[in-house]
Amino acid sequence: MVFKRRDKRPVWKAVADFFWPKGGWGRAALYVKHRLRRLPDPPHRIARGIFAGVFVSFTPFFGFHFFAAALLAWLMRGNILASLLATFFGNPLTFLAIATISLQTGHFLLGKGGTMPEESHRSLGGKFVDAGNDFIDNLYALFTDDVAHWSKLHVFYDDVFFPYMIGGIIPGMIAGIACYYFSLPLLIVYQNRRKNRLKKKWVELKKKAALNDAKKPGAE
């Protein structure tokens with residue numbers, strides 16, 4: 001395959017690179033910034049894409065952020081590639097803060113005072129594990145005589161997924177709008193400067209071509 005890695009990474013290396021990419025998250029952020037600046041689209045469309053990607057980062061649809069961001073950017077007539085790059089706003093360094101803010105906001109909006117229900121004594125990580133185990137067991141039950149149980153998935157939906165989904169709307173909107181208005185003037189300035197540089201280079205090339213033509217034998 002053309003894009004297949006020559007040196008196959010072990011699983012532990014792939015996981016480590018996910019949480020800390022080669023060169024660090026600072027270099028990754030710099031790469032994303034340069035890619036966003038060089039997108040061939042009007043600044044307002046790129047900024048809409050950035051809004052979509054940042055907003056989606058506050059949703060609990062892990063594994064589907066790219067699809068959700070692309071769909072939202074398409075509906076908003078924003079730049080889809082910008083939305084995909086902006087989903088990196090949610091990364092292993094920010095997920096904890098995003099999840100905490102979204103969950104606390106969700107429980108507050110649902111009238112739970114920003115705290116987890118008393119009957120749900122398991123930790124957040126434990127609820128993810130329990131829901132995953134329930135899901136796997138229920139898939140296995142489809143092909144065996146075992147009985148499917150949905151209690152832990154129900155607890156996960158009530159205590160984590162639904163509050164996260166509801167609570168992520170407000171902070172997601174705030175962060176998305178902030179990134180939109182922060183990035184828009186920067187994109188306008190960058191694209192104007194880039195156009196001026198390209199125009200200047202084009203004028204210089206035309207002058208150089210004219211001088212070369214004048215130096216040719218037989219030129220008047």
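**Close-up views of a predicted model**

Phe 95 is partly exposed, its relative accessible area being 23%. The model shown in these views is predicted.

**View 1. Phe 95 pairs with Phe 62 across distant parts of the chain.** The two rings form an edge-to-face aromatic pair, with 5.7 Å from centre to centre and 85° between the planes. Phe 95 belongs to helix α6, whereas Phe 62 sits in the loop between α3 (43–56) and α4 (65–75). The two residues are 33 residues apart. Phe 62 is partly exposed, with a relative accessibility of 38%. Phe 95, at 23%, also falls in the partly exposed class, because only values under 20% count as buried.

**View 2. Phe 66 and Phe 88 form an edge-to-face aromatic pair.** Phe 66 is partly exposed, at a relative accessible area of 43%. Phe 88 is likewise partly exposed, at 41% relative accessibility.

**View 3. Ring pairs join four aromatic residues into a cluster.** The members of the cluster are Phe 61, Tyr 157, Phe 161 and Phe 162. In total, the structure holds 10 aromatic pairs.

**View 4. Helix α6 covers residues 95–109.** The helix has 15 residues, and the distance from its first C-alpha to its last is 21 Å, close to the 21 Å expected at 1.5 Å a residue. Its buried residues are Ile 98, Ala 99, Ser 102, Leu 103, Gly 106 and His 107. Seen down the axis of α6, these buried residues fall within an arc of 145°, so they line one face of the helix. Just after α6, Gly 111 adopts a positive phi of about 80°.

**View 5. Arg 77 has a positive phi although it is not a glycine.** Its phi is about 60°. Most residues other than glycine have a negative phi. Arg 77 is placed in the loop between α4 and α5. With a relative accessibility of 64%, Arg 77 counts as exposed, because the exposed class begins over 50%.

Technical notes. Residues are numbered from 1 along each chain as its sequence is written. This is a predicted model: local features need pLDDT of at least 70, side-chain atom pairs count only at pLDDT 80 or more; totals for chains, interfaces and linings use all residues. Side-chain values use heavy atoms; hydrogens and water are left out. Helices (H or I, at least four residues) and strands (E, at least two) are DSSP runs, numbered from the N terminus. The expected span of a helix is 1.5 Å times one less than its number of residues. Buried means under 20% relative accessible area, exposed over 50%, partly exposed in between (1.4 Å probe, protein chains only). The arc is that of the directions from the helix axis to the C-beta atoms. Rings of Phe, Tyr and Trp (its six-membered ring) pair if their centres lie within 6.5 Å; planes under 30 degrees apart count as stacked, over 60 as edge-to-face and the rest as tilted.
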